Amino acid sequence: MPTPPRALAALAAIFATAAVSSAAKPLHARIDRLIAAGHAGYETQVAPVSTDAEFLRRVYLDFAGTIPTADETRAFLVDTTPDKRTRLVDRLLAGPAYARRMAQVFDVVLMERRGDGKVPRAAWEEFLRTAFAENRPYDGLVREILSADGVDPKARPAAKFYLDRDFEPNLVTRDIARVFLGRNIQCAQCHDHPLVESYKQADYYGLLAFLNRSFLFPNANAPNAVLAEKADGEVNFVSVFDKAKKQGTTLPHMPGGKAISEAAPPKGKEYKVAPAANVRPVPAYSRREQLARAVTAADNPAFARTAANRLWALMLGRGIVNPVDLDHPGNPPSHPELLDLLATEFAAHKFDVKWLLREIAQSKTYQRSSEGPAGDTDPPPERYLVAHLKPLTAEQLAYAASQATGQTDADRVALGKTATEAGIDARVAARIGPFRAVFAGQPGAPDTGAITTLDQSLFLKFGPSVRGMIAPRPGSLTDRLGKLTDPNAITDELFLSVLTRPATADERKDVTELLKAAPDRPTALNELVWALLASAEFRFNH
Amino acid sequence: MPTCQYSCGSRDHRLSRRGFLGSTAVGAAAALGTGGFASSVAGRELGKMQKRVLVIFLSGGVSQLETWDPKPGTDTGGPFATIPTTVPGTRVCELLPLTARQMHRIALVRGVNTAEDEHGRGATIMLTGRRPEAGIEYPHIGAVTAKLLGSDAQTLPGNIQVLARGEGGFGKQDAAFLGPKYGPVSLGDGKPPADLLRPAGLTDPADRQREEFRKKLNDRFAKSRRSAATDAYTESFEQAERVFRRSDVFDVTKEDTRVADRYGRHDFGRHLLLARRLLEAGVTYVKVSHSNYDTHHENFDFHIEQLGEFDRPYAALLEDLAERGMLESTLVVVMSEFGRTPKINHLYGRDHWSRAWAVALAGAGVKGGAVVGKTNANGTAVTDREVNGGHLFHTYLRAVGLDPTKNFYPNDRPVPIADPKAAAIDEILV
């Protein structure tokens, strides 16, 4: 459903004062202006623009979830046309890997590595992939998810957000607030938030009131459970701090928003389908049905703001509001005007995800090098002076390692004439499992990209997944390297394939010496590939 | 040997453990440096004094009436008799004959009331010393002690859990805001960590050479890009290397067979022996689970079996630690998520019961033979010196020389290490 134009106009008016001077400029230019604004000495502290190789690897990982082949890297590096970065961005956004990457990202955002008891993983991933391949407006996608009840088998995957949280009302309330409204109001379940003044208990229950009449039918344990709803039931709450135990109640409403008024249906007409044994009741008036519209409506600015902030954080490695689910006056955005601008423009462009990502990718801010100006190794992260190092997700790591070691190429060779992108992708996807088991976040918690546990380093060091990828197979990197004799050619192929950059003179020298001294060249090549794969440079999107 | 070849100077570094034990507050994000304490000079001797913690977790909820606080001859007492111990006046259930001979090393806390009869929440209370709260997860005792007692120079991980066969092994989140670095490494059925052993076909020289090359690459990358994240990544490989070099520690078959016999040749015996090896090798915290005490029916038969398995290795462990001079530096806690109902149900079972139960402590900082707290004649209520999970948590930390009233600082916000509403049980501390 399109955003009401009147509300949009109101949003635009709020923003007009800030935007009036540069409204004609594209968003990416305005991003850069607002990042630099008010920062004394910005020009001297800011990192230079990334090298072509750095940019290529970064944008590939962000938009395709993997790294480019050595040949793609070579082609990009020799390209001298001035708009090659923008063309690369456009090519990646149009490519098939984009939808897969975004499906992986939003799977984690929406489900946080929870189980797949009620909606199978494959169907869910396909749902997300299709949505991002079609570039479905983000607000529409969220409405689809929040209005799904799981009844229609074709639309069931969209109900995963509810169903695989077993529709636990407090959990669903908490996560709607965190994921779509940028605020973790869990503390407000029992009382007004003790530390965050704007998180009110009544707001928590206002959200819960959309859901409190709904339940899983036939029961919460059934794998084929669907959502059902009663026609009555209010939310009641008492602050645990209130000695008088005064009971509060509220109609459904968004945090800080207006209550949704409801007329009592005539007596005897409360249900379209009345409750009975083994019957899924359908009320005449559904509270839950109001939720999707209320969350995404223009008079709920938290929605666009949170969405824009999350996409920004995905690209830049840090939210303007950081962490992304703690938006409140006590934790102000690092760049409030910029956040308003991104939110307004995202809404004005009908929540076009590709458009926003494309604008961010074209900004100088996104294209900064991760190497800061000499001498400063500790710049304040919220100023975006230097590109953040983003640890690869479990999925990026699996795909990038597959590509780097040439397993993806070997798959292509092995599939021969029958090779299709989907067929190759299926083979790579089959290798993700072990990576997820070790590198994915904990179920129900945000993926922090923690990268310091023993099982992770042992997995990379000695584990069979990585070793299996490095072992030579026709078309794989070690296979290709084995056919080369010139040490410089070997070094170049190695570095372009794994680290997406040419080797430095020092590195050429190191590899040459190492190979000269090696008693067994195939082993030496294997372990060289491993060393690059296990390096910090590979582990991070830098 | 230095871990990184560049100089360490970022704000996340160089906060010493001694600084923590002293009066300075410390950031929770800080990686605790060693200050040369654990690793260097006369390291072995100092190492002996390095405090450690072993938690033996009797999963499912052990019966206090069949162990530490028997009530023979009452309506709730059950069929078993009591036996005298090495502590005059202290009697325990007859199912613990070998433990009874160690009682002079053990302090009993008999007035525990944790007021939570659900397994998961009960375990959380016992392991974090806090009641579950919306909006914040507190780190478990293992993560807390690994962080505060351990050092970065330690060879082995600071926090290891030995899981019973088939027991779920997740737990990195147990470290909460202290970070997964302090979360437990799990040894399922006492087996070494996955991928610990070098694969066939990778020789030692080849492994060393590739490591050298990897480090060179990292140094170049980190020269202008170093961050806490790159440091942690680099360090994790160092740790993996150190653990790999000590993989014998995980192998209980390296023990003298007579020692193994003393612990008993069953899973739990093997797991406790492994725990001792790990503690001896410098692991700060080890948790060993023994399953399963959730005896809703046939409570008495089950406790004969379970405690029959528990008694021998537990007694052997205390004896063994004492012989090796490790007991005075190792705190050994026997806990559950709760106890069991005094009332015997119609299936001869006992149900979940958190209102009046008992915990046993021994070793570092603990007054052996002490008994604190009392329950009434048939064990249905605490009548003297009631304590909860918070008091116990304070006590564990104090026993190993830490100050539980200090704060962690996640996101620069002070969070008391132990629940400020509780305090240590001084009566059982030396």
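The model is predicted. Helix 7 of chain A covers residues 96–111, which makes 16 residues. At 1.5 Å a residue it should span 22 Å, and its end C-alpha atoms are 23 Å apart, so the two values agree.

Now look at two other helices of chain A. Helix 5 takes in residues 70–78, and helix 24 takes in residues 487–499. Their axes come within 8 Å and cross at roughly 95°. Angles of 65 to 115 degrees count as roughly perpendicular, and helix 5 and helix 24 of chain A are therefore roughly perpendicular to each other. Which residues make the contact? Helix 5 of chain A brings Ala70(A), Thr73(A) and Arg74(A). Helix 24 of chain A brings Glu493(A), Leu496(A) and Ser497(A). By class, this contact has two nonpolar, two polar and two charged residues.

Step back to the domains of chain A. The assignment gives domain 1 as 1–38 + 298–369, domain 2 as 99–296 and domain 3 as 390–541. The centres of domain 1 and domain 2 of chain A, taken over C-alpha atoms, are 26 Å apart. In chain A, 24 residues of domain 1 are in contact with 22 residues of domain 2. On the domain 1 side, helix 14 (302–316) and helix 16 (353–362) of chain A each give two or more residues. Helix 14 of chain A has the largest share, with eight residues. That side of domain 1 of chain A holds eleven nonpolar, five polar and eight charged residues.

Next, the two chains together. Here 42 residues of chain B are in contact with 41 residues of chain A. Helix 6 (204–225) and helix 7 (228–245) of chain B each supply at least two residues of the side that touches chain A. Helix 6 of chain B gives the most, with twelve residues. The side of chain B that touches chain A has 20 nonpolar, 13 polar and nine charged residues.

One last stop is Leu202(B). Leu202(B) sits in the loop between strand 8 (185–188) and helix 6 of chain B. Why does Leu202(B) count as partly exposed? Leu202(B) has 17 C-beta neighbours inside 10 Å. A buried residue needs 20 or more, and an exposed one has 12 or fewer, so Leu202(B) counts as partly exposed. Gly142(B) lies 60 residues from Leu202(B) along the chain, and their C-alpha atoms are separated by 34 Å.

Conventions:
Residues are numbered from 1 along each chain as its sequence is written. Chains are lettered from A and ligands numbered from 1 in the order in which they are written. This is a predicted model: local features need pLDDT of at least 70, side-chain atom pairs count only at pLDDT 80 or more; totals for chains, interfaces and linings use all residues. Two residues are in contact if their C-beta atoms, placed from the backbone, lie within 7 Å. Helices (H or I, at least four residues) and strands (E, at least two) are DSSP runs, numbered from the N terminus. Ala, Val, Leu, Ile, Met, Phe, Trp, Tyr, Cys and Pro count as nonpolar, Asp, Glu, Lys and Arg as charged, and the others, Gly among them, as polar. Axes are lines fitted to C-alpha atoms, for helices over the stretch in contact, and angles run from 0 to 180 degrees between N-to-C directions. Angles under 35 degrees count as roughly parallel, over 145 as roughly antiparallel, 65 to 115 as roughly perpendicular and the rest as oblique. The expected span of a helix is 1.5 Å times one less than its number of residues. Domain bounds come from an automatic or database domain assignment.
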